[in-house]
Amino acid sequence: MTAPISPHWLRTPSGLVRARGLGLPFPGEPGPLNAITDVAGVEVGYSTIIRGDGPLVVGQGPVRTGVTAILPRGKAGLNIPCAAGFWSLNGNGEMTGTIWVEESGELDMPVTITNTHSCGVARDATIRWLYPRLGGISDSWGLPVAAETFDGDLNDINGFHVTNEHVFEALDSAASGPLEQGSVGGGTGMICYDFKGGSGSSSRRVTAAGETYTVGVFVQSNFGRRHECTILGVPVGKHIGHDLLRGKPAGSIIVVVATDAPIAGRQAKKLARRVALGMARTGALGHDSSGDIFLAFSTANAEGYAAPRGTLRRMVELSNADIDPLYEGVVEATEEAIVDSMVANHTMVGRDGATSIALPHEELVEVMRRYGRM
């Protein structure tokens, strides 16, 4: 590793230990924050809703949910599209707005991620938030991207607790800088490999065509069986088999990839496809009951995308032959982000006393040492 170790690689802003803080030797060189916000201009915000305990009373709780917002060019660039593409490994899930992303090769809206039954609220509230902001919606219409994963094992999902105000909070709070991970935002009630999952992020610095670029990944992880969980090639889930909650593959993962490398929409789609390879490193199978949906965008070529109608857009674009380092960055950052969503987390008790345990650090380190990974 050529860069000095950043404190942000080791702990989240609240002090939760990240995977690198345990000494796990992930490949590649992260950016200073080891997060999607290492891509200049990208802003992330959360609204986290945790209240109530005990038996489920639909409409009252317990509530374990929230909203995550990702602004590709931040609040200052709401009216400037990005090259973008999406891909679905398994489509038992939802990500709105992707028909237009596929058609246009562009993303010109914020991205929100929440629980399955609040996806429509997040989409509509995003339009409400954008409408009064100058240039937020071109020609007074918009097709924002809103995605979901299911948190009904811990959350009163049919209580519809996510409101417009929670979406506004996530969008308003979106900022650059270090990211909290684990049980925050849309990831609050999620479960990954039958450990407490949720929000995770990582980044990589890569060199392509003689220039250095950043690839950042954000995941909302909510998928997999315990015995499938693999970390750096070690079958961790087969060695930590206690306190199973779900024991079934139902769930999903939403992944957002950002880069400052100059690529076209068709190339962004190719980056989105490589997310599946990062998932596979953690043991993922792409279960039929899982919605595994990925979006990738580039913040490059801002001047070209901001060019008014009636004028030529002048863009810079990497050759397909030079894009392999970006693929490597996507695969490595996806793997680490998924692991961080479990490591930088805590045990959560939800509806009816259902308990999702955090990935136990001491047991994890012991297993990794046994396999010579530490």
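**Salt bridges and cavities in a predicted model**

Let's start in a helix. Glu 366 and Arg 370 form a salt bridge, with N and O 2.6 Å apart. A salt bridge here is a side-chain nitrogen of Lys or Arg within 4 Å of a carboxyl oxygen of Asp or Glu. Both residues lie in helix α9, residues 361-370. They are 4 residues apart, about one turn of the helix. Helices are DSSP runs (H or I, at least four residues), strands are runs of E (at least two), and both are numbered from the N terminus. Glu 366 is partly exposed, at 38% relative accessibility. The cut-offs: buried is under 20% relative accessible area, exposed is over 50%, and partly exposed is in between (1.4 Å probe, protein chains only).

A word on the source. This is a predicted model, where local features need pLDDT of at least 70 and side-chain atom pairs count only at pLDDT 80 or more, while totals for chains, interfaces and linings use all residues. Residues are numbered from 1 along each chain as its sequence is written, and side-chain values use heavy atoms, with hydrogens and water left out.

How many salt bridges are there by this rule? The count is 15.

Next pair: Asp 53 and Arg 64, at 2.9 Å from N to O. This one links distant parts of the chain, 11 residues apart. Asp 53 sits in the loop between β1 (43-51) and β2 (63-71). Arg 64 is in strand β2. Buried or exposed? Asp 53 is exposed, at 66%. Arg 64 is buried, at 4%.

Now Arg 133 and Asp 172. Their closest N and O atoms are 3.3 Å apart in a salt bridge. Again, distant parts of the chain are linked, 39 residues apart. Arg 133 is in the loop between α3 (119-130) and β6 (145-149), and Asp 172 is in helix α4, residues 164-173. Arg 133 is partly exposed, at 29%. Asp 172 is partly exposed too, at 43%.

There is also a network. Salt bridges link Arg 20, Arg 204, Glu 332 and Glu 336.

Last topic: cavities. A cavity is a set of points on a 1 Å grid over the protein atoms alone, where a 1.4 Å probe fits but cannot get out; lining residues have an atom within 4 Å of a point. Points join across faces, edges and corners, and volume is the space filled by probe spheres set on them. The model has 3 cavities of 30 Å³ or more.

Key. On a 1 Å grid over the protein atoms alone, a cavity is a set of points where a 1.4 Å probe fits but cannot get out, and a pocket is an open set with protein on both sides within 12 Å along at least five of seven lines; lining residues have an atom within 4 Å of a point.
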